[in-house]
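I opened the model to look up a few local features and wrote down each one as I went. The entries follow below.

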Amino acid sequence: MTRGGVGGGRLLVALAGAAGGFALLELAGVADGRGALIVAVSLLASVAQGTVAAAAASDLTGARWIGSVRKDLLVGARLQPLLALLFLLLWPRLGLYPWAAEPGEWLNRPFFLARNVALLGAVALLARLYADRALRGDPATKPFAVAYLFAFFVSQTLVGFDWFMSLAYPWVSSMFAFYFPVEAFYVGVAVAGLLFLARGRGGGLGARGAAAARDVGLLLFGFSVLWGGLFFAQFLLLWYGNLPEEVSFITERLADGRTRALMPTFIAACWAIPFFGLLPEGAKRRPGVVAAVSVSVLLGILAERLLLVLPGTPVGGAVLTAELALVAGAWILARPRADEPGGADAAAAAGGGK
Amino acid sequence: MMDRRTFLHTLGLLTGGSALSACTPGKDRRHLVSALVPPEDGVVPGQSVWHATTCTECPAGCGMQVRLREGRPVKAEGVPGHPVSGGGLCVRGQASLWRLYDPRRLRGPQVRDGGALRAATWDDALSRVASALAEARGAGRTGAYLSGRTTGALAALLAESAPALGLEWLPRFEPFSHAAIRRANGLLFGAPEVPRLDAARPDVLLTVGADLLETFVSPVGLAAQVVAGPAGRRWWHAEPHCSLTGANADRRLVLRAGSEPWLLAWLLARVAPSARRPLPPAVVAAMPRPSIAATAEATGVAVDALEALGAALAAAKEPLVVAGAIATAAEGGLAVAGLAALLQWTLGATGRTVDLARGEGYGDVGSLLDLRALGERLERGQVGVLFVARANPVRHAPAAWRLAGKLAGATLRVGLGDLMDETLREMDVVLPLSHPLETWEELAPRRGLRELLRPAAAPLGDTRAEGDVLLELRRRAGETVAPSYQERLMAGWRARYDDAALRAYSAAGWAEEPVSGPPVGLDAGAAAELLRGVRLSPPKPGLVLVLAPSIRSFDGRSRALQLLEEVPDPLTTVTYGPWISVAPGDARRLGVADGDELRVTLGGWSAELPAKLQPGLAEGVFVVQRDVLPSFPGGMDPATGEAICALPGPGLERTGRGGRMPYLSGSPSQQGRGLIPEPIHRKETAKRASLYPEHPHPEHRWTMAIDVSRCIGCGACAASCYVENDVPVTGAREHRLGREMSWLRIEPFYDAAGGVDFLPILCQQCHAAPCEPVCPVYAAYHNPEGLNVQVYNRCIGTRYCSNNCPYKVRRFNWFDPVREAPLDLLHNPDLSARGRGIMEKCTFCVQRITAARDRAKDEGRAVRDGEVVPACAQSCPTTAIVFGDLNDAGSRIAALVKAPGSWRVFEELGTEPSVHYHRGGGEGER
Amino acid sequence: MTRLEFDGREEFLARLRALVEAGTPPERIRLQMPFEVAEAAEILGERPGAVRFFALAGALAGFGTGLALTIYSVVSFPLRVGGKPIVSLPPFLLIGYLLTILFGSLGAFAGFLLLARMPSPRGLAADAELADRFVIVVEGEEGR
Amino acid sequence: MTGTRVGSEVERDVLGAIRRPGWRWLLGLAVSGLLAVLLHVLWGALIVRGLGLTGLNNPVGWAVLITNFVFWVGIAHSGTLISAVLFLFRARFRTSFNRSAEAMTVFAILVAGMFPLIHLGRVWVFYFLLPYPIERLIWPNFRSPLPWDVFAVTTYLIVSVVFFYVGMIPDLALARRHLPGLRGRIYAVLSLGWQGTGEQWRHYARLYLFLAAFATPLVASVHSIVSWDFAVSIVPGWHTTIFAPYFVAGAILSGTAMVLTLSIPMRRWLGLEAHMPIDHYEGIAKILLFTSLLVGYTYVVEQGLSLYGPSPFERDQYAFRAFGPYRGLFWLMVVCNAILPLTLFLRRARRSLPWLFVLGILVNVGMWTERFVLIVASLSHDFDPYAWGTYSPTRYEIGITAGSFGLFFLFFLLFSRLLPVIAITESKQALADRAGEEGTP
């Protein structure tokens, strides 16, 4: 976030608006959302934390593509304080969790809320510390990038275990510890893909920019393989073991009509479309294709989160749509102005554009 | 004497021919066994003949049928409906074939010259005996013939031969002589007998010391009766230590050693007033009347427990009290036996469930008193030639007597036996006896019952029947006697039976005769006398060493048989070698863990034994199985001649040695994993979630149901499985490494209160077996009849199946299985052989299933329910195991599986085993 | 025909560019390089080679073989294990996947040998010189 | 050649190393040769007498032999990682290591491949595992993870060999020119007559890219499949979904550690300090740190989740690991794999070759122990308490393990003398690139 100064106001509006909107939807009883909040907030978490993570990782590995879009990616850092706020809204909804009936050492309402809010807050703080330095082009950025990534990983793990896995208590899949962070990362890169399209429209995409777009396409392709691998690794073990309490998680979802449809949807959207879409050499170079794939990935993740929540927990469709709209709106409002600093090699990227 | 033709005729009737070939020496058989041999010879290659005979591993005389293949015994099983055993065969009975083929069996006569025994021919061995007999007769010294319990035809022969040879046939020597019981019954009722019990009828049963399920008189039969008890039957067992019998009783009362008289005296006083058969006033007057408080104090049993027991006995319709074994093997054993007998009388058991008229036929068995007398006579040099047959007095006489040394007093010492033992080692002439499966014989294990023994195999060595030895000696003494013991027997049967009766006798292997004894009456005077003799002294405080009998080797006579060491002790799961059971509390005090060696000292006697912790054992009580001790440390109760087995004040100290000892259980507790679930009812009604399509079993679906309330943990099933399936017997070293091969094991699980549940675990033949899919070569797969088949010659030995088996029932051949000759003859030809590197396991005796299916096919019918009986189920004395086809709606198995309260182990894993467990009807609660 | 040699990459590229801009038809220019210089190919306007088609063909063939082998094996000798379906796709996909990679790589390698005309007898000849410097050979008209 | 030409020193030094064997090398060759012989003698004993010579028992059917299999497959991974993944990520520091790492990969797979055979009960019928048509039409059971292994390891071996060889072709051509006589001719044949024409380079570049693209998912899948040897079972402590990424991370951790262990002495003894700069080691160190974090993270997740559900099996199993008879090994593995590598957060540690060398060894000790604990503890403490039992290796297993190291080092020592241990051509290119960049303002 830019301290005070220009854009600060707009950002505050964005945050306050989004928070207010969520509060209205969840608390004022405008409509019954039930599981919607979990889905919406988890998506926001993936977007806000994932984009920053993608930026941080590329800064660490010295990847070139980040340069031109760093500024836009780091908007995620600005939105992160929202997460902790919105998660508080989950308090009245904790009844949705089966363990709420007989709480345990780890799974009980106060600790559940406390640890998650605390962690989301911590991640937001680290994100800000990192983002500020990255945008300033500060040479001492890397340690903060590392710290952020670590916190990000833990936070996303908790999203997996606490927010989603414990909905199906006592069902356990340790894979969530890798699955969710990777998905968030995937989302982050996908957002980057969209940003390139936006920039392309703005005509800001030069030869170097195009190379960068290709790198993002390559990354998306790589992530589609990785995601597919993780998903298969998880499914294969459940299928092979066929332990009643493990596979019941799948059979339940196959039994329910709505969720049965979701399963192929998100597999196609998160793996098949990106993989085959970006397989050809040329496709990776076309921002349009990359952006389209990005959209498919984002929708795929949404579908998957829905699948995890349903059928155990009903989800109010209208509420969910509204909440997602709020998330998108907040993002657009929070976008930086052109004259804000863009980090080390952004200038070079712009230069390349000429 | 009968002529040749009648002899052969009789023989034919008795054998149906099969014995002919069985009796021909081994080398000829090789030619005999071929498809060309006419079937009436009884040896059709690939076909087996079943042969009814009698088990002789203990005096009980259970029925046994032996399976012959190519004229060789390959399997022993119980005889269904047998009057003694009821149909089962215990672990020792299973091992009798191992005795037959034991590599260490005496192959020929031995005589001592100089210091050592050396091989000799029968002729010079016998001539040496004959001349010694002649000399003794000349010198006017009568010899002595000491034998183990001997009944039936041999008893008759001995009775007439002993005088003829100038010998005195001493009272029989049995370590478990039940002398106190006989003495008491003699005094009170004038019937010095071990009564025949009916343990099936009582609704309240109290056993004091008497280990009905292990070694007491007729364990197999009694076990069958006990589990068949009426619904709601309550069974108390009182003892100082923790025996298998106690573990199986509904309630185990831990008595202070030596406090048995207190318990029984209090009970007598408690129930006498209201008893259905009032005691004579004189007796009542003489009755000791300890207060309940004092009794509780002395016995260590809580007051309310005593109250409950007394009330139950008083109120019972069919009460039964039995005292014996450990309880009577102590000072005051006579009092215990007497009080028990009086309780039986006054509670109305005598004459109903306690039958003195048709007793167990222990009348002519002596006791240690007689053995001591023999010792004295030997010392005084009054004994000429001493014969010791089928008995090991040196081992069982109190060590302090130094009996071995005294034997030198005889002019010549002649031993008859099959395996070298402490006594035979002292003999000048050792005459090897043929195995009961190699000779003709007739037993009368109890009054009114005759049992047939017939040869199932040619003698493996140069051995003879005891009867033939006696006849030969008489012949050499110039007498004219029957040409052979066999012909003498035949003549006897010919005289007794006509053809039909003889054929029936031959088919069944036993025949019952009516016995009428006069109804016994109580001698009030003697009773009062006995009661006045009862001393209620407070039991000595301090540690106690209990010498317990062993279900695996009885009094030690079966100890040499390796199979019985391979099969674990039911309570500790120790397999090889001796050990001392220590209560966990004492272990903590002594600072010993499993395997640490303890030196046990009693006066001058001492032994070093590894410790094994046993939950449920009372603190201060240490248990050693008497069969493992090199010599008998106890003394004798002069009143009865019983060996004293509860020894106070043993010294115990760590030797510092120790190490891994061979026991099989990884944990005495279930660790709260609900293998035997509490509450019982935990059957999952909902269809288990699965990602796989259901697969059908069109023809058969073989299934097993096991009643854990009937399982007494005796291990007969395991032993039977070893023999039927040629399961490798690997030995102590492998067991220490945790490499037992048993396909079927009985897991003892102790609860916090020290109670034990026994869970037989064999391959569960899972419907969705975790072991199958992980095999890379389809060596393990699921056959259409629901069996989890293991294809031995496809197996490449990855051991993945075993890793993935939650029941750990798969066994890997770490080395090539080896069996020392002639044990290699004991193998089931219906199985494919296994070599090193191959995984093997139980398949519900698939060879028997195949045989039954083929038989049914030949006869053009479906397989009948109960037609297939796996080896384990057949041998189970308590018929806890039921096997059948689940597709057959009317079958027993179908009903048992559906029954509420039936469960499967680890149901939550979704393996869907084909083995179902349940807790019988009603008598579920332990 | 002319032969030019360079030590440095930059001057080599500069000269090459000059040649092409001067209108020398690329097919008449032969290069030799001690290591790969991607720009050279760009200057000569060459499309990425056909190796990828070999790789793709190999990959597809591999996947097909994998599925065919596994499915045929269970159909020809159906045995039930652990209640799993006779045709258990998840494991079979793995075999297909592995063969995809195996055949794909081998395909690419074979394609390379084919396209790069290796092993080449000319190259194996004892006197065949190997550039440790950059070489441009321009064949004259008579070269045709 | 004159020194003016780009990278000619690399060429001289690396190819020079091929010529002169030192006493260290000969000694190493002798020792590792003897160990390799020992391996085969002991294996022979196992075949003739039976697997009873090992400490294996019921319930522990797998132990040291399988531990070694997993360990060596793991070692193999860094090779592919460094040559393929870092190639795709255009990480410069790979040029110092990729050749030796690729060689390591090939040798490690060869060694690893022996262990599934050694541990077979009846190795003389191992061919039951191969898919070959016989008249009875019995095939391997492709539903079992072990045939997956057969395919995975074979594929991995072939692809690695191709990758190794292809990367070496231009260098072989160079070597041929440096070495007169027979050896020269051999290298000539091996180089397939490479001439470095523009045409060849163009296809070569594509081929290398594709091989890298194929090898990258392969490297992940191979160790995933190895992990599934355990994870598809239902054994508590084996059956957990995280295994695939966990094993891959572990494999790369141990692999990079082995790269350090091998390349640091090699660099010294072959006098290649100039061409294997510290900065490159720092790059490797960072990978090691990263994977160590992943592994440590998995330890926490697994131990934590064992307390999550109500099932006693998982809970007891993980408690057994940490506090049971194998606790010593468990904590050793935690320290070596998850704690010591944290020192690499310090730049000084990352750049200290002695520390990297020691750490490399410690991490490999830790990773070996990890596999041992994971395999043995799970088996010795599974569902039925009656069947619990512990395991300890016999001298046969220890000897075979030592022998496997001998065999591996034997291969590597031969490689270090017979083939160019650094990718000469690529180093030249890298130097040129750097020169080029410094050239442009």
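Predicted model: local features only at pLDDT ≥ 70, side-chain atom pairs only at ≥ 80, totals over all residues.

**Gly16(D)**

Is Gly16(D) buried or exposed? Its relative accessibility is 12%, and buried means under 20%, so Gly16(D) counts as buried. I placed Gly16(D) in helix H1 of chain D, which covers residues 8-19. I then checked Gly16(D) against Arg417(D): the two are 401 residues apart along the chain, and their C-alpha atoms are separated by 9.8 Å.

**Chain A**

I went through chain A for its elements and found 13 helices and zero strands. Read from the N terminus on, the elements of chain A are α-α-α-α-α-α-α-α-α-α-α-α-α. Chain A has 354 residues, and buried ones make up 58% of them. I also looked at contacts in chain A with a separation of 6 or more; residues 24 or more positions apart account for 81% of these.

I took H10(B), residues 260-271, with H12(B), residues 292-299, to begin with. Their axes come within 9 Å and cross at roughly 155°. An angle over 145 degrees counts as roughly antiparallel, and H10(B) and H12(B) are therefore roughly antiparallel to each other. The crossing of H10(B) past H12(B) is left-handed. On the H10(B) side I listed Trp262(B), Leu263(B) and Trp266(B) as making the contact; on the H12(B) side, Ile292(B), Ala294(B), Thr295(B), Ala298(B) and Thr299(B). By class, six residues of this contact are nonpolar, two are polar and none is charged.

Next I checked H12(B) against H13(B), residues 303-315. The axes of H12(B) and H13(B) are 9 Å apart, at an angle of about 110°. These two helices are therefore roughly perpendicular to each other. I recorded the crossing of H12(B) and H13(B) as right-handed. H12(B) makes this contact through Ile292(B), Thr295(B) and Ala296(B), and H13(B) through Val303(B), Leu306(B) and Glu307(B). I counted four nonpolar residues, one polar and one charged in the contact of H12(B) with H13(B).

**Strands E17, E18 and E19 of chain B**

I looked up strand E18(B), residues 449-453, and found four of its five residues buried. Which strands pair with E18(B)? E17(B), residues 441-443, is joined to E18(B) by three bridges and runs antiparallel to it. Across this pairing, Glu441(B) stands opposite Leu453(B). E17(B) and E18(B) form a hairpin with five residues between them. In the turn I noted Gly448(B), with a positive phi of about 90°. E19(B), residues 510-512, also pairs with E18(B) in the antiparallel sense, over three bridges. Here Leu449(B) has Glu512(B) in E19(B) as its bridge partner.

**The parallel sheet of chain B**

I traced an open sheet of four strands in chain B, in the order E11-E10-E9-E12, with parallel pairing. Which strands stand at the edges? They are E11 (251-254) and E12 (319-323); each has a single partner strand, so one side of each is left without a neighbour in the sheet. The twist from one strand to the next averages 15°. Within the sheet I looked at E9(B), residues 204-208, and E10(B), residues 234-239, which pair in the parallel sense over five bridges. Val208(B) stands opposite Ala238(B) in E10(B).

Methods: Residues numbered from 1 in each chain as written. Chains lettered and ligands numbered in written order. Heavy atoms only, no water. Axes fitted to C-alpha atoms, helices over the stretch in contact; angles between N-to-C directions. Parallel < 35°, antiparallel > 145°, perpendicular 65-115°, else oblique. Left-handed = near helix turned anticlockwise from the far one by under 90°. Contact = heavy atoms within 4.5 Å. Nonpolar A, V, L, I, M, F, W, Y, C, P; charged D, E, K, R; others polar. Buried < 20%, exposed > 50% of the residue type's maximum accessible area, 1.4 Å probe, protein only. Pairing = 2+ DSSP bridges.
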